[in-house]
Amino acid sequence: MLKVAYKLTIGILGLILLAGIAFWVFPGATVVAQEDQFLPTAEPCGAPTIQSSAGPVNVRSGPGVDYEVIGVLAFLEVRPIAGRAGSAEWWQVQMADGSLGWVANNAVNVQGDTTEVPVVEAPLLAGEEAPTPGPTWNPTPNPLCPTPVASVVTATPGAATDPPVETNTWTTPINLSLSGASNEPQVVVDANGQFHIIWKDDVEGFVYVAGDGQEWSIPAAVETPFGTRRYYPDLKEDDPTPLFVPHLVADPTGRIHAFWIDEELKIYYSSVDAADFANFSAWSSRQNLAESALQLDVVIAAGEPLHLAYVRPLDTAEAPAGIYYRQLASGESEWSTPAQIYQSRYFRSLAQDQAHVRIIATRSGEADQVLIAWDNRPLGRVLVARSGDGGQSWGEPFQVDGREPEDTAEAANPGNIAVGALGDNAVLVWRAGHDEATCSEYYRQSTDGGLTWGERLRFDTPRGCHDTDQFLVSPDGLLVLLALVDEITEKKVYLLAWNGEAWSEPQEQALLSGFENQETYLEVTYQCHQASLLESNTLFVVGCDAAAGKDIWLTSRPLGRPVDWFPPPPTWQPPVLIGAGPNTVPSLDLVADADGLLHAFWVQNEGAAITYASRDNLRWSQPTEVLRALQGGSGQPAATVDGQGHLLVVWSGTVSGQIYFSWAEAARALTPSDWTLAQVISEPGLVAQSPDIVVSPRGTIYVSYVVPLNEGRGIYLVYSQDGGSTWSPTVTVFDGVAADWAMVDRPRLAMTGNGDLHLVWARYQAPFNGEPLAFFYARSEDQGQNWSEPELVAEKPASWSEVVAFGERSLHRLWLNGNNDTLALWYQLSQDSGHTWTTAASATGFGQPGGPIWLTLDSAGRLHLLGAKGNVLQHWMWENGKWVIGEEAALTTDPASDVYALAAAIAANGNVAVVYAATGAEENTLSYTGRLLELPAMMPTPLPTLTPTPRPTSTVTPTPLPTPSPTVALPTEAAPSGSPVRRALGGDNSLVSLALSFIPAILVVAVAFLLGMRALRLGRR
């Protein structure tokens, strides 16, 4: 017996071993969903699903066996159906992780109602053209599932495949009435989220449907207190049943309340449990609430009183014509005594369509805060009244707007006022003809629940004269306005949102104006909209076809998140034009002073002078020519600001070849006469250019410049310790003649906080071809008197190079190698004032600017690189050891224009300012854009602290220089792969994987073998 058991054990363990092999050989077979990911079996007529019946079932990337297997369904796993193939029996299903895949119809059981499953186009296989469509496959619907009541109609031609942007979120409109004789719909949503919709039918009287927004009851004629013959015993058999369109509201207890005005202008009221809406006997006895009314509005807030407002035209001594209010407290059966809110004899002659009143109520403490807004059209006024104690007492009416002396005769009277509120934040919207407009929309805001109101404001985007407005409160705390606007030639519908502070941009809803009924191919003129907003944040709109179709239609859309209505402002400000002209801007500079004011200097007008403009927090000044060379033209301005608020500027004379200096108080720099007389500070007899300037905390001004060619070529420095009145003798930083260089240029000067000076420059070949041969660096530790031997930084062509200083001893030097197609940005960091540098490293994550670039630092010491590619601004910031690209910005409206010059500065408050020159069709422009940085609370380490590598200085001699290659020493760490054992054995090697797949099975077999041998020995005993 033990031998048999032993053999059985070995057999089972052999299967385990085979399973281990299969696990390695067929890893796809393990892609099985967890049990807790399975979906419950679908209801027979519910949302369609599939259930794996031959599991495991392959899930493929497309509808066919030629497509790749991307997953597996376990036996009896249930997945929702997302689509179906048009010409083959395949279903598209949603997997547990949200991805989509395809399964064959013959491998699964299909459950639920598949009649509305959309056909999904098959993806193309690699290297193949689109397949020729085969015969259409129409899955047989479940015979037990009833045919949907409403037919499905496509909104507009092509809407199902390529809808316009403004309509792409609306569902395909559903024809609820299917009668061709319907109008004046009314809708209410009860406490359980069920819709109750009623409309007039030319033949049957009132017709009613109910539903949840997806499934609807069959339209049926109903008898209601507002549509019955019972109150009219004198009617003849051929007389039509009196029908009065009700105003419906639902309370939190599940009851629906109806208010209507009959043919004698009396207001009646009745209520019913929502489930018994179609049962006449379930309605409460009607109550007469007013003997005379032209229009009414009613609201309920938080389950407390019903608040009713109405316009009374009948004028008697006991009850003059005007605006009245009544309420029905929760749990009570008797309405309060009518309270007069406003009196006007002008209401006596109003027609019903000329009267207008709106009421809202919001919960404030233990009582409702109630606002009533209305029109007095004969007087051209709109007014509002407030109650802060739930309607018990009322303040004096406040005139919101009225006709003004300058209004034209054609200007629309103020009217059609609507009111909405988010707690204490209330807003009024109305139409009027002010500001030389025939008709526009205006609004006023209150932040204290209607106690006080702000000034009248006009909507930023005039849209014509609005006919109706409906306010809805979203679950996300937005006040949404559905506006029907008469734009003279046509009526359009807009949605816009109020967040308590501002209005969103209006969004036209083209589908709510009209669409094509694809059963008749006639246009549906979609009007009489009734909007409802559910807790799911889904907006439903019921409307009527005002054209010949005369049907009732329903559509819906998700309202979206607040960010969809109020997207964050663009990172970069819109471009602002500073100046324009026919000539190019070959050079410019930009500095920010301690107060955050910007100062721009540039050369235009054929280099005749240096032009200057400044910007405060609001605008740029008029550009002014402020500085000129003593002889000929001017160019290459470089500017800085000292501690006393002086602007210091150096520039080159394009004819004289001299370097000039001048200064002015920043507050007076727009006046040319307030600048000091241009002073020559370069060595006489030499042709100098490319000046740069820094100023020390003690006020010493340092200026570097270059003599690029011929005798005296080299890098030079001068300084002034008295604000620029007198200058030191010229200091030679680098002697290009002694070094036997053909050309030297592009010196850039920086100063660390300890007073050390730092210079970088480039070596060029002759004849000059625009590409530098190498990039060098030197420093001075004695205020520019003596300089270290030039240090070769990089010998590859450095098309751009820069050095910037931060803090007491920190330096960054950066350069670009290559051309615009293969640019590589390199950088080094020194934290000991240039004595040692980190190993040169290529910056990761850096993009490819195609034009001018500029390097600067913010007040926290972070590097920012700004560049232009065509007409697009790109911004990189150094964060956590890599360059992170920020939001781009279009610098011009013309995509064909090109930005060819750029300068940037960052103010202490984090404002990044960019001034740039661009080509245009007829003129060159100089413009500005900016953005605000979020500065860190603590100053970060500017660059990662890599291991410093001392770099030997080299003595510049006429002999060729060595050619060191930068060693990229970036810290790297491979991500762990697999288990520790797998990593120890060599990562993901296939042989290792095979060995590892055998180990568990071998161990189990070994243990079983030992146990079996022990059992045999015991058996022998």
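A: Start with terms: helices (H or I, at least four residues) and strands (E, at least two) are DSSP runs, numbered from the N terminus. This is a predicted model, where local features need pLDDT of at least 70 and side-chain atom pairs count only at pLDDT 80 or more, while totals for chains, interfaces and linings use all residues. Residues are numbered from 1 along each chain as its sequence is written, and side-chain values use heavy atoms, leaving out hydrogens and water.

Q: Where is Ser897 found?
A: Look between two strands. Ser897 sits in the loop that links β64 (889–890) and β65 (899–906).

Q: Which residues does Ser897 touch?
A: Contact means heavy atoms within 4.5 Å. Setting aside residues up to four places away in sequence, Ser897 touches Gly870, Asn871, Thr892 and Thr919. Next come polar contacts: pairs of N or O atoms within 3.5 Å, where within protein one must be able to donate a hydrogen and the other to accept it, and residues adjacent in sequence count only if both atoms are side-chain atoms. The side chains of Ser897 and Thr892 make one of 2.4 Å. The Ser897 side chain also reaches the backbone oxygen of Asp894, at 2.7 Å.

Q: What surrounds Thr555?
A: Find its strand. Thr555 lies in β37 (residues 552–558). Its relative accessibility is 0%, so Thr555 counts as buried. Beyond neighbours within four places in sequence, its contacts are Trp170, Thr171, Pro173, Leu511, Leu512, Tyr526, Leu539, Phe540 and Val541. The side chain of Thr555 reaches the backbone oxygen of Thr171 at 2.7 Å. Now compare sequence and space. Thr555 and Asn175 are 380 residues apart along the chain, yet their C-alpha atoms are separated by 9.3 Å.

Q: In what order do strands β26, β27, β28 and β29 stand?
A: Strands of a sheet pair through backbone hydrogen bonds, parallel or antiparallel. Two strands pair if DSSP finds at least two bridges between them. Here the four form an open sheet, β26-β27-β28-β29, with antiparallel pairing. β26 (415–422) and β29 (457–458) are the edges; each has a single partner strand, so one side of each lacks a neighbour in the sheet. Six bridges pair β26 with β27 (residues 425–432). Leu422 has Asn425 of β27 as its bridge partner.

Q: How many residues of β18 are buried?
A: Five of the six residues in β18 (residues 295–300) are buried, so the strand is mostly covered. β18 runs antiparallel to β19 (residues 306–312), with six bridges between them. Gln295 stands opposite Val311 in β19.

Q: Which residues line the largest cavity?
A: On a 1 Å grid over the protein atoms alone, a cavity is a set of points where a 1.4 Å probe fits but cannot get out; lining residues have an atom within 4 Å of a point. One cavity of 30 Å³ or more is counted. The largest holds about 40 Å³ of space. Its lining is Pro225, Phe226, Gly227, Thr228, Tyr231, Tyr232, Pro242, Phe244, Trp260, Asp262 and Arg286.

Notes
1 Å grid on protein atoms, 1.4 Å probe; cavity = no way out; pocket = protein on both sides within 12 Å on 5 of 7 lines; lining within 4 Å. Points joined across faces, edges and corners; volume = space filled by probe spheres on them. Buried < 20%, exposed > 50% of the residue type's maximum accessible area, 1.4 Å probe, protein only.
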